[in-house]
Structure formats: structure tokens, C-alpha cells
Amino acid sequence: MVAEDTAGSTRNDEAVTALKCVARLSELKPSGQLSRWVDDHDLLIFEHHGRVKVLSNICPHLGGPVGYHKKKDGRFTCLWHNFQFSADTGQCVNHPKLCLREYKTEVRGDEIWVQLVENT
Ligand code: FES
């Protein structure tokens, strides 16, 4: 279903309703990263170059937890087989065909909102 917003553009209702508050900045501040299940999504929420980013926490190799270790030198290292992923892009540096999904993210005050359906 398509709806018209106040600016007159059309947006997908499903995408609008899928924006969900998944964490608070005050929860993120102590370590700079956290992981959290929301609905069917395992989210890796972290600060990177002064902004909040959200990648999938599920390794596309065999499903290991990407955010188990703290980000180091701009990369996450999967717990299970040590594949590394760029925090900038989610791209695996060990295997060019593997990449973590990046979620559209908005910070509203102290709240971190994420679009859980397909990015549009
Ligand atoms: S499951 Fe992540 S490297 Fe194998």
C-alpha cells in the first residue's frame, strides 16, 4: 500500500511502519557497540566516524556472531572463523562475495530507529 506524506511524496506504508526504535544512545555510549535481536533481525549497532550505524550481526559465512568482539581498526571479526568485515560497508575483506546487510538508521534524540524491511 502506498501513502502520501506531508511533503506530497509517496512512501511505502510497510517501510514506514517498519521503522522501529531498537536502542537508546545512552545504551550505546558505554562501549560504542551492542547487538540486539529485534523481531527476526540480529542487529549490530555501533558508533563509527561520529555516527550510528547498524549492520546485520549474522555472519554470511555460516551464521556466526560478527559483533561478539569489539570493532578494531574499522573492522569486525566474526567469532567463529575470524572473517573480517568493514564497519564502513559491511564488506567481508576475506571473501569478496560476502557482505553484511546495512540497515537504514535514524537517530531521534536519544533513540535509534531502524528500518527492518528491505531498504528502499
Ligand atoms: S561463520 Fe563467520 S567466519 Fe565463519
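Cysteine 59 is buried in this predicted model, with a relative accessible area of 5%, where buried means under 20% relative accessible area, exposed means over 50%, and partly exposed covers what lies in between, as found with a 1.4 Å probe and protein chains only. Cysteine 78 is likewise buried, and its relative accessible area is 2%. A search of the whole structure finds 0 disulfides, a disulfide being counted as a pair of cysteine sulfur atoms within 2.5 Å.

Because the model is predicted, local features need a pLDDT of at least 70 and side-chain atom pairs count only at pLDDT 80 or more, while totals for chains, interfaces and linings use all residues. Residues are numbered from 1 along each chain as its sequence is written, and side-chain values use heavy atoms, with hydrogens and water left out.

The protein contains 2 helices and 10 strands, which are DSSP runs numbered from the N terminus, with helices (H or I) of at least four residues and strands (E) of at least two. Read from the N terminus on, the order of these elements is β-β-α-β-α-β-β-β-β-β-β-β. Of the 120 residues of the protein, 38% count as buried. The accessible surface comes to about 7,200 Å², and 51% of this surface belongs to carbon and sulfur atoms; such areas come from the Shrake-Rupley method with a 1.4 Å probe, and for residues only the protein chains shown count as cover. When contacts (heavy atoms within 4.5 Å) between residues at least 6 apart in sequence are considered, 38% of them join residues at least 24 apart.

An open sheet of 3 strands has the order S4-S5-S6, and its pairing is antiparallel, two strands being paired if DSSP finds at least two bridges between them. The edge strands, each of which pairs on one side only, are S4 (33-38) and S6 (51-56). Neighbouring strands of this sheet are turned by 25° against each other on average, direction ignored; for such angles, axes are lines fitted to C-alpha atoms, for helices over the stretch in contact, and the angles run from 0 to 180 degrees between N-to-C directions. Strand S4 and strand S5 (residues 41-48) pair in the antiparallel sense over 6 bridges, and arginine 36 has leucine 43 in S5 as its bridge partner.

Asparagine 57 belongs to the loop between S6 and strand S7 (75-77). This asparagine is buried, with a relative accessible area of 4%, and, when residues up to four places away in sequence are not counted, asparagine 57 touches Ser35, Asp42, Leu43, Leu44, Gly64, Pro65, Val66 and Gly67.

A further antiparallel pairing joins strand S9 (residues 105-108) to strand S10 (residues 111-115) over 4 bridges, and in this pairing threonine 105 stands opposite valine 114 in S10. The two strands S9 and S10 form a hairpin with 2 residues between them, and glycine 109 in the turn has a positive phi of about 65°. Valine 107, which is found in strand S9, is partly exposed, with a relative accessible area of 42%. Apart from neighbours within four places in sequence, valine 107 is in contact with Leu25 and Val52. Valine 107 and alanine 23 are 84 residues apart in sequence, yet their C-alpha atoms are 9.8 Å apart in space.

Leucine 25 lies in helix H2 (residues 25-28) and is buried, with a relative accessible area of 18%. Leaving out residues up to four places away in sequence, leucine 25 touches Val52, Val107, Gly109, Asp110 and Ile112. The C-alpha atoms of leucine 25 and phenylalanine 46, which are 21 residues apart along the chain, are separated by 9.8 Å.

Serine 86 is located in strand S8 (residues 84-86) and is buried, with a relative accessible area of 14%. Setting aside residues up to four places away in sequence, serine 86 touches Leu55, Gly74 and Gln91.
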